[in-house]
Amino acid sequence: MTPFASTQDLNEKKVSFDEIGAGLYAYTAEGDPNTGVIVGDDAVMVIDAQATPALAGDVIARIAKITDKPVKYVLLTHYHAARTLGASAFKGAEILASDATRHMIVERGNEDMNSEIARFPRLFRSVETVPGLTWPTITFPDQVSVWLGRREVRIIHVGRGHTAGDVVAIVPDAGVVFSGDLVEYKSACYCGDAHFVDWLATLDHLAELQANALVPGRGAALTRPGDGRGRNRPHRRFCFNSLQFNPGKRKQGPFVERCLRFSPIDDGSKVQEFRNLRTLSAV
Ligand SMILES: [Zn+2]
């Protein structure tokens with residue numbers, strides 16, 4: 001089998017840590033998994049935890065420069081290893097995830113961990129700091145609000161998409177959304193757990209939120225008014241074209257070419273990751 005292109009992707013990425021609203025930060029790294037930071041009155045919530053405790057340590061160092069409030073919560077937008085295995089660095093924090101995400105960790109967490117460690121040697125170069133799978137301490141069916149003092153973080157399972165358990169975090173007082181891998185900006189994501197039919201509807205629901213700013217799972221934060229709506233379109237197109245793939249009738253080659261032609265992927269080197277499509281369960 002052709003190795004994943006990401007195994008050859010060893011160049012360092014430049015990290016940005018930008019304030020996108022009052023007390024709201026996007027930790028981004030040129031297409032590597034993003035982390036969000038929400039500073040409330042008395043505590044901080046982190047959205048996705050990076051691939052290893054070593055990488056999460058850089059997030060912690062940046063948070064320390066903006067606030068001395070403790071990180072009390074780490075939200076896992078979904079179960080993928082490259083954004084969950086760093087969680088142990090946030091000592092004492094509650095780990096939040098949807099019931100479906102916990103179920104996926106039980107069902108395929110180990111398999112995904114081994115696969116991602118092999119696929120992303122750069123992200124997992126400090127893999128020895130990973131104590132094992134990250135287990136949520138608090139789970140919820142579809143929705144929960146966490147109050148950081150007066151600041152509400154509304155966590156919602158808008159629908160299936162990138163995985164069956166995806167959730168987004170909304171900060172209503174600022175109109176800001178942290179979407180996880182449901183939305184990517186100029187970046188390709190792994191689709192082995194994707195539900196493409198649902199994903200289109202889920203993107204519609206996300207657009208209805210009319211976010212002032214949206215932090216995607218990978219790529220730069222979308223911070224212009226209306227970005228959360230308008231820039232979903234390329235991602236919608238990608239999902240739609242992915243649906244044209246029918247494992248029974250077509251070969252994956254043409255599918256990958258179609259993704260390249262129509263999807264927002266502008267880095268051809270990453271497209272091989274779509275060759276490992278494992279489930280198209282909603283099709
Ligand atoms: Zn993912």
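Two residues are in contact if their C-beta atoms, placed from the backbone, lie within 7 Å. By that criterion, and leaving aside residues up to four places away in sequence, Glu94 touches Lys72, Tyr73, Thr137 and Ile138. Glu94 belongs to strand E6, which covers residues 94–98. Along the chain Glu94 and Ile138 are 44 residues apart, while their C-alpha atoms are separated by 6.9 Å.

The model is predicted. Its average pLDDT is 81, and 75% of the residues score at least 70. In residues 244–283 the pLDDT is below 50, and this stretch has 66 contacts in the model beyond near neighbours in sequence.

The secondary structure consists of 6 helices and 12 strands. Of the 283 residues in the protein, 48% are buried. Among contacts between residues at least 6 apart in sequence, 68% join residues at least 24 apart.

The largest nonpolar core has 73 residues. Those with the most contacts inside this core are Ile38, Met45, Val46, Val74, Leu75, Phe90 and Val168. Strand E11, residues 176–184, gives the most to the core, with 5 residues. For Met45, the contacts beyond four places in sequence are with Ile38, Tyr73, Leu75, Val146, Leu148 and Val153.

Helix H1 has 14 residues, and the distance from its first C-alpha to its last is 20 Å, close to the 20 Å expected at 1.5 Å a residue. Pro53, Leu55, Ala56, Val59 and Ile63 are buried in H1. Because these buried residues fall within an arc of 150 degrees when seen down the axis, they line one face of H1. The face turned away from the buried side carries the exposed residues Ala61, Ala64 and Lys65. On the buried side, the residues of H1 pack against E2, E3, E4 and strand E5 (71–75).

Helix H3 can be read in the same manner. Its 13 residues, 196–208, should span 18 Å at 1.5 Å a residue, and the end C-alpha atoms are 19 Å apart, which agrees. The buried residues in H3 are Phe196, Trp199, Thr202, Leu203 and Leu206. They cover an arc of only 105 degrees around the axis, so they lie on the same side of H3. Just after H3, Gln210 takes a positive phi of about 50 degrees.

Phi also deserves a look in the loops. Most residues other than glycine have a negative phi. Glu30, although not a glycine, has a positive phi of about 50 degrees. Glu30 sits in the loop between strand E2 (24–29) and strand E3 (32–39). With 15 other C-beta atoms within 10 Å, Glu30 is partly exposed.

Asp48 is not a glycine either, and has a positive phi of about 70 degrees. The loop that holds Asp48 runs between strand E4 (44–47) and helix H1 (53–66). Is Asp48 buried or exposed? Asp48 counts as buried, because 29 C-beta neighbours lie inside 10 Å.

How values were computed:
Residues are numbered from 1 along each chain as its sequence is written. This is a predicted model: local features need pLDDT of at least 70, side-chain atom pairs count only at pLDDT 80 or more; totals for chains, interfaces and linings use all residues. pLDDT is the predictor's confidence in each residue, from 0 to 100. Helices (H or I, at least four residues) and strands (E, at least two) are DSSP runs, numbered from the N terminus. The expected span of a helix is 1.5 Å times one less than its number of residues. A residue is buried if 20 or more other C-beta atoms lie within 10 Å of its own, exposed if 12 or fewer, and partly exposed in between; C-beta atoms are placed from the backbone. The arc is that of the directions from the helix axis to the C-beta atoms. A nonpolar core is a set of buried Ala, Val, Leu, Ile, Met, Phe, Trp, Tyr and Cys residues joined through C-beta atoms within 7 Å.
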